[in-house]
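Let's take a friendly walk through this structure, one part at a time. Have the sequence and the 3D view open as you read.

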Amino acid sequence: MSLTIKIDRVALDTIVQQNHPKRIVFNAPDGLLRETRAIAQELESSYDLQAIVIADPTYGSCDTVDGDAQRLGADVAFHIGHNVTVKKFGKITYSIDAVDDVSFATVTQKASDLLKDGGIKRAGLATFAQHVPELSRVSEILERNEISAVIGKGMGQLHDGQIFGCEFYPAFNIRDKVDVMLLLGQSMFHALGLCLSTGKPTYMLDPYLNEVINVSSVAEERLKKAVLSVYKAREAYRFGVIIGLKEGQIMTDQSLKLKKELESFGKVVQLIALREITADRINAMTDIEAFVQTGCPRISVDGYNFGKPVLSVPQTDALLRLLSGNEVSMEMFERKHWL
Ligand code: SF4
């Protein structure tokens, strides 16, 4: 089955017609880059404007390029596909939705049968940007199968039932009302985040392969590795605290606070800033034995091999507790937000 994601052209054209920009800039996740480039060319043909596509990696709504777009002389920038409640970022950036209209009917029926066989009566629903409109339809199917379906209220940038890879408010807030969590969509990344943040058994409903996948054992593996990194970091003397340089990631105050806290345990700490946290950049700083980072927490959780500890904020909190003489909690990721 081919992907069925569509970018909201009506919103795009409306903004162009209202603002009459001379130069526009786009950025989009890789899965939408091809369509975004096609739209950029179409807009150049239809309107009197120049269109530039920034093709750097784009992973989340933290990845807006308002500053870059202004430096490129743009009047308007479009950030594609993260479907947040906020419609404008920075000075010139508009968030443009992209929706996937693939049906979840078949896979939801399959999940209902599986849950019923397991005696499960209450399921929490969550999904990422592209499938938010499907939540109510999935809920109806579950209810018809006598499974109570709960969708958490949206908060901040998140719509009802929506999660990011690092923000889980709607799902976290209903975790005591459900037996399991269901993630709508083909995304192990989001399913693992959902499982770790809610602490609930979690199933991924993949509408493309028509599969219902229990992700709990993979989440447990990730958790064990994350805990191991915390114990390794305890032995380090020289630390780097990395501030993410992406527009939605810059957390200077929190990074300074972590630096001070690590220093209070006798660690030597340097502040570092990076746009992309990669093994190459980490390994270029050979004298630093361990890093903590306030950029994207998923870099520390998703199995990247840096060769030395690179801790997310929840892991850093666990490290600070460890240095104070407490054990590392296996529930360290059970939080609404990982930053
Ligand atoms: S910080 Fe990471 S997980 Fe959070 S929105 Fe950005 S890319 Fe996604």
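The expected span of a helix is 1.5 Å times one less than its number of residues. Keep in mind that the model here is a predicted one. Helix α9 covers residues 252–263, 12 residues in total, and its first and last C-alpha atoms are 16 Å apart, close to the expected 16 Å. Within α9, the buried residues are Ser255, Leu258, Lys259 and Leu262. Looking down the axis of α9, these buried residues fall within an arc of 105°, so they line one face of the helix. An α-helix has 3.6 residues a turn, so residues three or four places apart point the same way. The face of α9 turned away from the buried side carries Asp253, Lys257 and Lys260, which are exposed.

Now turn to helix α4, residues 105–117. With 13 residues, α4 reaches 19 Å from first C-alpha to last, close to the 18 Å expected. Val107, Thr108, Ala111, Ser112 and Leu115 are the buried residues of α4. Around the axis they cover an arc of only 145°, which puts them on the same side of α4. Thr106 and Asp117 are exposed on the other side of α4.

## Around the ligand

Which residues are around the ligand? They are Tyr59, Gly60, Cys62, Gly165, Cys166, Gln249, Cys296 and Arg298. By class, this shell has four nonpolar, three polar and one charged residues. Domain 1 (5–98) and domain 3 (219–323) each supply at least three residues of the shell.

Cys62, at 22%, is partly exposed. As for disulfides, a search of the whole structure finds zero.

## Two asparagines with positive phi

Asn83 is not a glycine, yet its phi is positive, at about 45°. You will find Asn83 in the loop between β4 (76–80) and β5 (88–89). Is Asn83 buried or exposed? Its relative accessibility is 4%, so Asn83 counts as buried.

Asn210 also has a positive phi, near 55°, in a residue other than glycine. Asn210 lies in the loop between β11 (202–206) and β12 (211–214). With 28% relative accessibility, Asn210 counts as partly exposed.

Key
Residues numbered from 1 in each chain as written. Predicted model: local features only at pLDDT ≥ 70, side-chain atom pairs only at ≥ 80, totals over all residues. Heavy atoms only, no water. Near = heavy atom within 4 Å. Nonpolar A, V, L, I, M, F, W, Y, C, P; charged D, E, K, R; others polar. Domains from an automatic or database assignment. Disulfide = S-S within 2.5 Å. Buried < 20%, exposed > 50% of the residue type's maximum accessible area, 1.4 Å probe, protein only. Helix = DSSP H or I, 4+ residues; strand = E, 2+ residues; numbered from the N terminus. Arc of directions from axis to C-beta.
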